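Please read them with the structure open.

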Amino acid sequence: MENKAPVPDKQNPKRPVGSTALTAAVLGLIALVFTAINLWDSASPLLADARIGQAILALEAGVTPLTQVPATEPPQTEQTPPRTSAATVETTAVYPPTAANSPQGDSAISPARPNDAENVITTLITASPGQGYLEFGDIYIKNNTAYSPDIEGLLQQPLTFSEAPTVLIIHTHATECYTPTELDSYEVSEGDRCTDPGFSVVRVGDELTDALRAQGIRVIHDRTLFDGESYTGAYARSNAAVRAWLKKDPSIAVVLDIHRDALNAEGSTRYRLALETASGDAAQMLILVGTDGSGANHPNWQSNLSLGLKLQRGLNEIAPGIVRPMLLTNGSYDQEVCPGALLIEVGANGNSLSDALVSAGYLGEVLGNILK
């Protein structure tokens, strides 16, 4: 008996489709799956870059970001500081492109600001009463948690660690760098990153180390590029390193994870968060404090917040406007490791390295005074 392949029956659509049509359908489905995989592979780096540019401004003031990125906190397994990628009309004061008198320190790179050919807008992120912040005096906190911390009480609370603690400085995203100027030439890769520690946030850590040591504070600066080979997993690697340092040196009571923010507008335009100070143009900074709001074992997070508030107040006093509103998050950002752990963003990708170095000097001066 001759075996014939089934053929479609227009009168009975429930009958099986012929083998040729079925094969074509299967092949089409397979092609669709491979296309989806390829699209995901090509899109995932873009998603990672978008995550680098998450909208703090949208969180801080409720403005709509120019680059639409979900303003959600990343999972605990791979935390990434929420970043800025937003319009600044409602929350910023536009400053001149550079100070008329911007003296540069011996260790700074001149000129102070990016080349005019760069697509950079100089601005500041500011806050005022009635915008939904937690506030006390000139301290503003964008509170992304369900907690209501007592700012005044935490400012008065003594530090929980002994005097003259050792400070550990790390950089989870050590390849984050700034916009080159006319006289500092270095290679910047996609995402504003550079593997040369002389031009990345590692250089800012060097400056902060020098400023603290000048005041007699013992400092360990881990210059490891935890994101040098892969952005993914950088937090796990830096966390392991911090725990190893704490086991090796129990005198460490303050851990500072120094980053650089990413603040992008449409196209290639970047924002430069800079203000005029007595020491020259300085990059505006952000202090991020994590909590146990997402379930991390972090019962003493208010100790970190107390240190962060003291630092915020001291910086505001010595250089008003040099710090943005603090960010209090549900994610712990590995700050449960010690009673004085903070994540600090020094400037944004539109800043020059010189801007960031001036700020590092202020940061070291104020922190040193707190710890002495």
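1. Secondary structure first: helices (H or I, at least four residues) and strands (E, at least two) are DSSP runs, numbered from the N terminus. The model is predicted, so local features are reported only at pLDDT of at least 70 and side-chain atom pairs only at pLDDT 80 or more, while totals for chains, interfaces and linings use all residues. Residues are numbered from 1 along each chain as its sequence is written, and side-chain values use heavy atoms, without hydrogens and water.

2. Overall content. The protein chain has seven helices and 11 strands. Of its 372 residues, 52% count as buried; buried means under 20% relative accessible area, exposed over 50%, and partly exposed in between (1.4 Å probe, protein chains only). Contact means heavy atoms within 4.5 Å. Among contacts in the protein chain with a separation of 6 or more, 79% come from residues 24 or more positions apart.

3. Helices α6 and α7. The axes of α6 (residues 301-318) and α7 (residues 353-371) come within 9 Å and cross at roughly 125 degrees. Axes here are lines fitted to C-alpha atoms, for helices over the stretch in contact, with angles from 0 to 180 degrees between N-to-C directions. Angles under 35 degrees count as roughly parallel, over 145 as roughly antiparallel, 65 to 115 as roughly perpendicular, and the rest as oblique. The helices α6 and α7 are therefore oblique to each other. Their crossing is right-handed; a crossing is left-handed if the near helix is turned anticlockwise from the far one by less than a right angle, and right-handed if clockwise.

4. Residues between α6 and α7. On the α6 side, L307, K310, L311, G314, L315 and I318 meet Y362, L363, E365, V366, L367 and I370 of α7. Sorted by class, this contact of α6 with α7 has nine nonpolar, one polar and two charged residues. The classes are: Ala, Val, Leu, Ile, Met, Phe, Trp, Tyr, Cys and Pro nonpolar; Asp, Glu, Lys and Arg charged; the others, Gly among them, polar.

5. Helices α4 and α7. What is the handedness of the crossing of α4 and α7? The axes of α4 (residues 201-213) and α7 come within 8 Å and cross at roughly 35 degrees, and α4 passes α7 in a right-handed crossing. R203, V204, E207, L208, A211 and L212 in α4 meet residues of α7 including L353, A356, L357, A360 and G361. By class, the contact of α4 with α7 has 10 nonpolar, three polar and two charged residues.

6. Aromatic pairs. Rings of Phe, Tyr and Trp (its six-membered ring) pair if their centres lie within 6.5 Å; planes under 30 degrees apart count as stacked, over 60 as edge-to-face, and the rest as tilted. By this rule there are three aromatic pairs. One of them joins Y133 and Y140, edge-to-face, at 5.7 Å centre to centre and 75 degrees between the planes. Both Y133 and Y140 are buried. Y235 and Y333 have ring centres 6.3 Å apart and planes at 65 degrees, so this pair is also edge-to-face. The pair links distant parts of the chain, 98 residues apart: Y235 is in helix α5 (residues 234-248), and Y333 is in the loop between β10 (326-329) and β11 (340-348).

7. Positive phi in that loop. Most residues other than glycine have a negative phi. Y333, in the loop between β10 and β11, has a positive phi near 55 degrees. Y333 is buried, with a relative accessible area of 5%. D334 lies in the loop between β10 and β11 as well, with a positive phi near 65 degrees. At 18% relative accessibility, D334 counts as buried.

8. W245 is found in helix α5 and is partly exposed, with a relative accessible area of 24%. Leaving out residues up to four places away in sequence, W245 touches L168, I220, D222 and I252. V167 is found in strand β4 (residues 166-170) and is buried, with a relative accessible area of 0%. V167 and V219 are 52 residues apart in sequence and 4.8 Å apart in space, C-alpha to C-alpha.
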